[in-house]
Amino acid sequence: MVETIKAKVFRYDPAVDREPVFETYEVPYSEGMVVLDTLHHIHETIDGTLAYRWACRAGQCGSCAVIINGKPRIACRTTVERGKDITLRPLLQFPVVKDLVVDLERGLRRIERMNPYVKRIRKSPRPEIIHAEAIEPIKEIRECIECWSCISACPAVFEAWQQFSGPMFHVKLARLQFDKRNEEDRAREAFIEGIYKCTTCRACVEVCPKEINIPEKAIEKMRAVAAKAGLGPLPGHEEFTSRALKFGRTVDKMGSSLLEMVKTGYAARVKNPKDTVGYFPGCLTDYRLQETGKAIIEILTKNDIEVIVPSEFTCCGSPLLRAGLVEEAKKNLVPKNVKILEDLGLKTIVTGCPGCGMTLRNNYPELMGRKLGFEVMHVSQYLSGNTELNLKDMKPISLEATLHNPCHLNRGLNAPNDLQNILTKIPGLKYIEMEEPDRCCGAGGGVRAGERAFSTMIARRKGELIISSGAKACVTQCPFCYIQIRDILKELGYEQIKVYDLAELMLNSYRE
């Protein structure tokens with residue numbers, strides 16, 4: 001018997017059809033087949049009217065990009081999994097020509113307006129020869145094949161492409177800015193094209209066939225150029241960045257800080273620990289979400305993990321780095337934290353804030369010019385992968401809950417499943433998966449601070465997905481996401497949907 005998979009394909013011809021429909025085709029499966037093989041089989045043996053694009057079949061032209069099971073991918077390099085059906089749609093942001101073929105004109109015209117070529121101011125017979133070492137800093141961002149997947153995946157583009165041109169365009173601007181042959185400053189153009197509206201959610205990296213690290217290699221490096229040119233940070237950023245530099249925290253303290261609570265005797269030690277970790281709370285948890293910090297410490301101790309909280313720390317520097325103030329963070333914040341954390345003498349530092357975790361793990365080694373003396377993990381990563389969860393002391397919780405997976409945890413720290421793995425183990429809890437649980441809430445990348453109205457536009461979509469799930473609660477584990485989701489549900493009139501940090505929900509289960 002021939003093994004098959006089912007392909008559900010978007011069909012629409014604007015010239016004759018009133019609305020799109022999906023048709024399902026049964027296609028023979030073979031080991032190693034890609035989505036393009038599926039489309040070829042349908043076209044050649046089942047329905048020759050199916051329209052789709054392809055050219056090179058080598059992952060170089062980008063023309064075969066479509067949305068595959070909800071994510072934009074190139075069809076020639078996306079493997080079909082045995083026993084798993086696929087759903088194919090055309091890319092977003094573009095009008096459909098027919099079926100899976102879209103009209104790219106609006107995007108191509110936008111590229112044309114950018115003058116996407118090296119500009120010379122000095123007149124010379126010919127440009128100087130550029131050597132390999134000059135190309136190295138921009139080598140990664142030169143790999144873009146213009147497949148448009150990142151544009152289709154970007155939540156900021158989804159909300160307002162006219163305000164934020166999108167990842168691919170900023171890759172082009174960065175490539176030109178850092179090309180030694182280029183003599184025209186592209187910072188102002190990047191600013192106009194919405195450089196500060198990127199949430200650095202890394203959805204673009206997830207779908208990029210060349211795995212270009214667009215937020216770090218293009219967006220944030222261009223923000224640093226914009227900041228030096230006096231175009232940034234934005235007024236909304238300055239409140240937080242100046243406070244971080246002056247006081248070591250981005251926010252004012254409300255009540256006793258978490259560090260003050262720990263110093264006054266909050267238990268963090270256990271008998272016969274399985275492991276000892278350091279805990280880096282971050283600004284919001286120390287000054288605003290102290291109960292979340294206490295919950296993180298307690299659930300670690302409930303799992304026989306000894307927790308050492310540093311007696312002091314400063315802002316991790318993420319708000320400055322996302323705003324383009326790289327040198328200020330590098331000089332004033334990063335070395336202090338590295339010394340404080342390395343002086344603990346511990347192998348592992350955990351954090352409940354994915355933004356802090358991503359900054360410590362991804363940015364600090366580059367800024368320090370060396371490997372750190374500790375490993376950085378989000379607390380859910382640590383509990384999911386480094387210890388057997390203590391389930392015997394958990395009591396059932398009667399709750400229907402959905403999950404928002406924070407971008408900087410899911411993609412920034414490469415932990416897409418850890419929150420769900422833990423949440424679904426809580427006894428009595430009914431897990432309801434919302435549509436697009438990993439869709440950005442709009443709080444990251446300094447967008448909530450600097451572009452609040454734009455951030456709220458993105459948040460509304462997340463709020464609608466939570467409401468549509470029918471769940472009574474939303475669980476996450478990021479201080480920024482927690483506040484953003486709480487605020488948008490209130491704005492949408494659904495503040496009865498409770499927002500939990502995973503640690504607090506787990507602690508409820510241990511205490512029931």
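This is a short walk through the structure above, from the whole protein down to single residues.

The model is predicted: local features need pLDDT of at least 70, side-chain atom pairs count only at pLDDT 80 or more, and totals for chains, interfaces and linings use all residues. Residues are numbered from 1 along each chain as its sequence is written, and side-chain values use heavy atoms, with hydrogens and water left out.

Start with the whole. The protein has 24 helices and 15 strands. Helices (H or I, at least four residues) and strands (E, at least two) are DSSP runs, numbered from the N terminus. Along the principal axes, the C-alpha atoms fill a box of roughly 70 × 70 × 45 Å. The radius of gyration is 24 Å, which agrees with the value near 24 Å for a compact globule of 512 residues. That radius is taken over C-alpha atoms, and the globule rule is 2.2 Å times the number of residues to the power 0.38.

Next comes burial. Of the 512 residues, 56% are buried. Buried means under 20% relative accessible area, exposed means over 50%, and partly exposed lies in between (1.4 Å probe, protein chains only). The accessible surface is about 23,100 Å², and carbon and sulfur atoms hold 48% of it. These areas come from the Shrake-Rupley method with a 1.4 Å probe; for residues, only the protein chains shown count as cover.

Among contacts with a separation of 6 or more, 74% join residues 24 or more positions apart. Contact here means heavy atoms within 4.5 Å.

Now look at R11. R11 sits in strand 1, residues 4-11. R11 counts as buried because its relative accessibility is 8%. Its side chain makes a polar contact with the side chain of D47, at 2.9 Å. A polar contact is a pair of N or O atoms within 3.5 Å; within protein, one must be able to donate a hydrogen and the other to accept it, and residues adjacent in sequence count only if both atoms are side-chain atoms. E23 is twelve residues from R11 along the chain, and their C-alpha atoms are separated by 6.8 Å. Leaving aside neighbours within four places in sequence, the contacts of R11 include E23, D47, K98 and D99.

Move on to H378, in strand 11 (residues 375-378). H378 is buried, with a relative accessible area of 0%. The side chains of H378 and S380 make a polar contact at 2.9 Å. Beyond four places in sequence, H378 is in contact with residues including T351, C353, L409 and Q477.

Helix 9 spans residues 214-228 and holds E220. At 10% relative accessibility, E220 is buried too. Not counting residues up to four places away in sequence, E220 touches T200, P215 and R322.

Finally, the backbone. Most residues other than glycine have a negative phi, and most peptide bonds are trans. The bond from G232 to P233 is cis, with omega near -5°. P233 lies in the loop between helix 9 and helix 10 (235-247). R57 is not a glycine, yet has a positive phi of about 60°. R57 is in the loop between helix 1 (35-46) and strand 3 (65-68), and is partly exposed at 36% relative accessibility. D304, also not a glycine, has a positive phi of about 65°. Its loop runs between helix 13 (290-302) and strand 9 (305-308). D304 is partly exposed, at 33% relative accessibility.
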